[in-house]
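Have a look at the sequence and the structure before reading on.

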Amino acid sequence: RDGNPFLQHQLMGPDGKGHGRNWTIGRHEEDAGKAQSLYKVELRPDTVGRPSLVTWRRLREAEAESLRQQAQRAKDELRAKDLELRRCKADENVRLRKEYEERKGKYSKKL
């Protein structure tokens, strides 16, 4: 219950028996958590690859700001790619509509 790296704990789950057993980032006094804080969370495996240990640390403001900037750049890049994809689809639709109209015209002339 209210697990954190500062108290002895046992990593359990995931399963359907975890209700009320939570990791609580920022709640322990040594966490120094506050609103808008960013944390680096790591899930470390044991020697055979099973989850074994969860740790976290609050990022310094410089680290947090760097991550915010990276996230904004990634968001901007995705938005640009999405707009380009939409433009390509619109262009393709125009081309197909034109082709359809041309074929329709040729067909109706034959009749």
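Predicted model: local features only at pLDDT ≥ 70, side-chain atom pairs only at ≥ 80, totals over all residues.

Residues are numbered from 1 along each chain as its sequence is written, and side-chain values use heavy atoms, with hydrogens and water left out.

The pLDDT is the predictor's confidence in each residue, on a scale from 0 to 100. For this chain the mean is 87, and 96% of the residues reach 70 or more. Confidence is highest in helix α1 (residues 61-110), at 93, and lowest in β2, at a mean of 86. Helices (H or I, at least four residues) and strands (E, at least two) are DSSP runs, numbered from the N terminus.

## The hairpin

Strand β1 covers 39-45, and β2 covers residues 51-58. The two run antiparallel and are joined by seven bridges; for strands to count as paired, DSSP has to find at least two bridges between them. P45 stands opposite P51 in β2. Five residues sit between the strands of this hairpin, and G49 in the turn has a positive phi of about 95°.

R50 belongs to the loop between β1 and β2. Is R50 buried or exposed? R50 is exposed, because its relative accessibility is 53% (buried means under 20% relative accessible area, exposed over 50%, partly exposed in between, using a 1.4 Å probe and protein chains only). Setting aside neighbours within four places in sequence, R50 is in contact with R44 and P45, where contact means heavy atoms within 4.5 Å. R50 and K106 are 56 residues apart in sequence, and their C-alpha atoms are 66 Å apart in space.

## One aromatic pair

The structure holds one aromatic pair. W23 and W56 make up that pair, edge-to-face, at 5.8 Å centre to centre with 90° between the planes. The pair links distant parts of the chain, with W23 in the segment before β1 and W56 in strand β2, 33 residues apart. For the cut-offs, rings of Phe, Tyr and Trp (its six-membered ring) pair if their centres lie within 6.5 Å; planes under 30 degrees apart count as stacked, over 60 as edge-to-face and the rest as tilted.

W56 is buried, at 7% relative accessibility, whereas W23 is partly exposed, at 35%.

N4 is in the segment before β1 and counts as buried because its relative accessible area is 3%. Beyond residues up to four places away in sequence, N4 touches H9, W23, T24, H28 and W56. A polar atom of the N4 side chain lies 2.8 Å from the backbone nitrogen of F6. (A polar contact is a pair of N or O atoms within 3.5 Å; within protein, one must be able to donate a hydrogen and the other to accept it, and residues adjacent in sequence count only if both atoms are side-chain atoms.)

H28 lies in that segment before β1 too, and H28 is buried, with a relative accessible area of 17%. The H28 side chain reaches the backbone nitrogen of E30 at 3.1 Å. Leaving out neighbours within four places in sequence, H28 is in contact with N4, F6 and L7.

M12, found in the segment before β1, is exposed at 53% relative accessibility. The C-alpha atoms of M12 and L43 are separated by 12 Å, with the two residues 31 apart along the chain.
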